[in-house]
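Biologist: Please show the structure, and let us then go through it by question and answer.

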Amino acid sequence: MDLKVKNRIKEIRLTKGISQIQMAEDLQITRQTINAVENHKYNPSLELALKLISYFDVALDEIFTLEEE
Amino acid sequence: MKSWHIIIACTLVFSMSIGFYLGNLMVPDLPVGTVVAGIIGSVVGVGIVLGTIKFRENRKKHNVPDVDERTWINIKNFYAISLYIVLFGSMLIVCLLFALGTETIELGFLSIYLLILFFLLVIGTFVVKRQ
């Protein structure tokens, strides 16, 4: 069984009306990284994941889920 | 003056001293013109790099970093792959030269080969950094 981490970052970001540039500035990461994370091409480190939770003020399982491929 | 300015200045002076010493040791009657051209070339090269960095910093509209955790991972992966390519590539070249009957490799050719490798690694790092 192949499991993959999925995230709802794009959805939450758009709901809150935050642009990628704004988010990149606030979290001090590159815009390309946001793009890669949103498109499920890169899994953020635990540090960045915790920063994202704190930034969006949501629970961990609201952003990240483990799904079967 | 920041501490890294002092480190850069010390490294420059130290490297140039070693360069002068080695140059003098290898080629005792090195023409002054060649030495001057070498120094000017190095200074212009460093100047262009520093100028480009400053220009890019001034042009930057947003306070977004150039490098983050994903970039470092990409760069590390690039170096790991490059290591194998360079090792196996070099081995292949040596085998090929041996098969063609070459018995010795001139230091000049080796230095050009290393220079090209270094150049490719630097270009590759910049390409990977932007992805």
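Modeller: The model is a predicted one. In it, 14 residues of chain A are in contact with 13 residues of chain B.

Biologist: How much area do chain A and chain B bury between them, and what part of it is on carbon and sulfur atoms?

Modeller: The size of an interface is often given as the accessible area lost when the parts come together. For chain A and chain B this area is about 1000 Å². The part on carbon and sulfur atoms is 52%.

Biologist: How many salt bridges and how many residue pairs in polar contact are there between chain A and chain B?

Modeller: A salt bridge requires a side-chain nitrogen of Lys or Arg within 4 Å of a carboxyl oxygen of Asp or Glu. Between chain A and chain B the count of such bridges is zero. For residue pairs in polar contact, both at pLDDT 80 or more, the count is eight.

Biologist: Which element gives the most to the side of chain A that touches chain B?

Modeller: Two helices of chain A, α2 (20-27) and α3 (31-38), each supply at least two residues of the side that touches chain B. The greatest contribution, four residues, comes from α3(A).

Biologist: Which residues of α3(A) are buried, and what covers them?

Modeller: The buried residues of this helix are T33(A), I34(A), A36(A), V37(A) and E38(A). Their cover includes β1, α1 (9-15), α2 and α4 of chain A. From chain B, the cover includes α3 (69-99).

Biologist: E38(A) is in that group. With which residue does E38(A) form a salt bridge, and at what N to O distance?

Modeller: The pair links distant parts of the chain, with E38(A) in helix α3 and its partner in helix α1 of chain A, 25 residues apart. Both residues of the pair are buried. The partner is R13(A), at 2.6 Å from N to O.

Biologist: How many salt bridges does the structure hold over all chains, and how far apart are the closest N and O atoms of R8(A) and E11(A)?

Modeller: Over all chains the structure holds two salt bridges. R8(A) is partly exposed at 35% relative accessibility, and E11(A) is likewise partly exposed at 45%. The closest N and O atoms of R8(A) and E11(A) are 3.2 Å apart.

Biologist: Is N7(A) buried or exposed, and which backbone atoms lie by its side chain?

Modeller: N7(A) is placed in strand β1 (residues 3-7) of chain A. Its relative accessible area is 11%, and because buried means under 20%, N7(A) counts as buried. A polar atom of its side chain lies 3.2 Å from the backbone nitrogen of I9(A). A polar side-chain atom of N7(A) also lies 2.8 Å from the backbone oxygen of V37(A).

Biologist: With which residues is N7(A) in contact, leaving aside its neighbours within four places in sequence?

Modeller: One of them is V37(A), a buried residue of α3(A).

Biologist: What is the phi of H40(A), and where is H40(A) found?

Modeller: Most residues other than glycine have a negative phi. H40(A) is found in the loop between α3 and α4 (46-56) of chain A, just after α3(A). At 24% relative accessibility, H40(A) is partly exposed. Its phi is positive, near 60°.

Biologist: Is D57(A), which also has a positive phi, buried or exposed?

Modeller: D57(A) is found in the loop between α4 and α5 (60-63) of chain A, and its phi is about 55° although it is not a glycine. Its relative accessible area is 66%, and because the limit is over 50%, D57(A) is exposed.

Biologist: What radius of gyration does chain B have, against that of a compact globule of 131 residues?

Modeller: Chain B has four helices and zero strands, and its C-alpha trace spans about 60 × 40 × 20 Å along the principal axes. Buried residues make up 8% of its 131 residues. A compact globule of that length would have a radius of gyration near 14 Å, but chain B has 20 Å.

Biologist: Which backbone oxygen does the side chain of T125(B) reach?

Modeller: T125(B) is found in helix α4 (residues 107-129) of chain B and is buried at 16% relative accessibility. Leaving aside neighbours within four places in sequence, T125(B) is in contact with I75(B), F78(B) and Y79(B). At 2.6 Å, its side chain reaches the backbone oxygen of L121(B).

Note on methods: Residues are numbered from 1 along each chain as its sequence is written. Chains are lettered from A and ligands numbered from 1 in the order in which they are written. This is a predicted model: local features need pLDDT of at least 70, side-chain atom pairs count only at pLDDT 80 or more; totals for chains, interfaces and linings use all residues. Side-chain values use heavy atoms; hydrogens and water are left out. Contact means heavy atoms within 4.5 Å. Buried area is the accessible area (1.4 Å probe) that two parts lose on being put together, summed over both. A polar contact is a pair of N or O atoms within 3.5 Å; within protein, one must be able to donate a hydrogen and the other to accept it, and residues adjacent in sequence count only if both atoms are side-chain atoms. Buried means under 20% relative accessible area, exposed over 50%, partly exposed in between (1.4 Å probe, protein chains only). The radius of gyration is taken over C-alpha atoms; the globule rule is 2.2 Å times the number of residues to the power 0.38.
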